[in-house]
Amino acid sequence: MEKIVILTGAGISAESGLRTFRDAGGLWEGYRIEEVATPEAFARDPALVHDFYNMRRAAAAAARPNAAHAALARLEAAGRHEVLIVTQNVDDLHERAGSVHVIHMHGSLAGALCAACGYRWAAPAVMAPQDPCPACARPATRPDIVWFGEMPYQMDRIWQALRQADLFVSIGTSGNVYPAAAFVQDAARAGARTLELNLEPSLGARDFDEARIGPASRIVPDWVDTLLRA
Ligand code: OAD
């Protein structure tokens, strides 16, 4: 069975109403993402960082999967390909669309993490700096999100999947953030065909064998239909 690894970024959730990071207007209260999504920012002003993620958690909860998420779930459910989604997104729209094999390499808004003891639990809707950890009771709770300078989750599993992939597809990501931005090269080196689906060519566009340009809600279902008709 053909193995497909699909990397997704903020662009796949844009038409669900969730803002991307680097497009026009991709700022939060005048801050660049690098100014709130770092361990240093959290040490400096934990309330500000919690507010940023509380707001994003509320936005994600109010959003619905769009036709692109649904198409990827349909591709997996059809059972003709082995599909793994590696998402940089911290929303749960892939799961809510019905995708099963999903790796959240940058963490998830649904998770809380104790910075003191490493305990993980389901995040409440609103988190605050003084929240005690349920395990060690220290007020060191943070969102279970991978910040700049931290190691993304499940990299061994991801690199293994990239090495074994027949097809690597990148959807709705600008190619600014590593290691995800290098996955196309990792997969190609291991022999996979590579396809980019994005609103505009990403920074690494020339590394892909093929590209389709347009909004995800149109081009992802079109691509899945072509694959399932073949
Ligand atoms: P970006 O905001 O950098 O890029 C979004 C990409 O989606 C751009 O290339 C857009 O052209 C494209 N796009 C926008 N609307 C689209 C649509 N309707 N259909 C298809 N594509 C569309 O977001 P990411 O690449 O996901 O990390 O950013 C990567 C990481 O940077 C994030 O996971 C986050 C951020 O810092 C962390 O927080 C660790």
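Asn-66 is buried, with a relative accessible area of 10%. Buried means under 20% relative accessible area, exposed means over 50%, and partly exposed is in between (1.4 Å probe, protein chains only). The model is predicted: local features need pLDDT of at least 70, side-chain atom pairs count only at pLDDT 80 or more, and totals for chains, interfaces and linings use all residues. Residues are numbered from 1 along each chain as its sequence is written, and side-chain values use heavy atoms, with hydrogens and water left out.

Asn-66 sits in the loop between helix 4 and helix 5. Helices (H or I, at least four residues) and strands (E, at least two) are DSSP runs, numbered from the N terminus. Not counting residues up to four places away in sequence, Asn-66 touches Ile-12, Ser-13, Glu-15 and Ser-16. Contact here means heavy atoms within 4.5 Å.

Which backbone nitrogen does a side-chain oxygen of Asn-66 reach at the start of helix 5? That oxygen comes to within 2.7 Å of the backbone nitrogen of Ala-68.

His-69 belongs to helix 5. Is His-69 buried or exposed? His-69 has a relative accessible area of 0%, so it counts as buried. Leaving out residues up to four places away in sequence, His-69 touches Ile-12, Ser-13, Ser-16, Leu-93, His-94 and Ala-97.

Helix 5 covers residues 67-78, twelve in number. From its first C-alpha to its last it reaches 16 Å, close to the 16 Å expected at 1.5 Å a residue. The expected span is 1.5 Å times one less than the number of residues in the helix.

The buried residues of helix 5 are Ala-68, His-69, Ala-71, Leu-72, Ala-73, Leu-75 and Glu-76. What covers them includes strand 1 (2-8), helix 1 (11-14), strand 2 (81-87), helix 6 (93-97), strand 7 (167-171) and helix 9 (216-229). After helix 5 comes Gly-79, with a positive phi near 75°.

Helix 9 has 14 residues, which should span 20 Å at 1.5 Å a residue. Its end C-alpha atoms are 19 Å apart, which agrees. Buried in helix 9 are Ala-216, Ile-219, Val-220, Pro-221, Trp-223, Val-224 and Leu-227.

## The largest pocket

The largest pocket has a volume of about 770 Å³. On a 1 Å grid over the protein atoms alone, a pocket is an open set of points with protein on both sides within 12 Å along at least five of seven lines; lining residues have an atom within 4 Å of a point. Grid points are joined across faces, edges and corners, and a volume is the space filled by probe spheres set on the points.

How many residues line the largest pocket? The lining has 43 residues, and Ala-10, Phe-21, Arg-22, Thr-173 and Ser-174 lie nearest the centre. Helix 1, helix 4 (46-62) and strand 8 (193-198) are the elements that give two or more residues to this lining. By type, the lining divides into 22 nonpolar, 15 polar and six charged residues. Ala, Val, Leu, Ile, Met, Phe, Trp, Tyr, Cys and Pro count as nonpolar, Asp, Glu, Lys and Arg as charged, and the others, Gly among them, as polar.

## Backbone details in the loops

Pro-179 lies in the loop between strand 7 and helix 8 (183-189). The peptide bond from Tyr-178 to Pro-179 is cis, with omega near 5°.

Two residues other than glycine have a positive phi. Ala-137 is in the loop between strand 5 (120-122) and strand 6 (141-145). Gln-154 is in the loop between strand 6 and helix 7 (155-164).

| Residue | Phi | Relative accessible area | Class |
|---|---|---|---|
| Ala-137 | about 70° | 53% | exposed |
| Gln-154 | near 55° | 39% | partly exposed |

## Two pairs across the chain

Ala-58 is in helix 4 and is partly exposed, at 46% relative accessible area. Ala-58 and Val-126 are 68 residues apart in sequence and 8.5 Å apart in space, C-alpha to C-alpha.

Tyr-31 is in the loop between helix 1 and helix 2 (33-36). Its C-alpha is separated by 26 Å from that of Gly-204, 173 residues apart along the chain.

Methods: A polar contact is a pair of N or O atoms within 3.5 Å; within protein, one must be able to donate a hydrogen and the other to accept it, and residues adjacent in sequence count only if both atoms are side-chain atoms. On a 1 Å grid over the protein atoms alone, a cavity is a set of points where a 1.4 Å probe fits but cannot get out, and a pocket is an open set with protein on both sides within 12 Å along at least five of seven lines; lining residues have an atom within 4 Å of a point.
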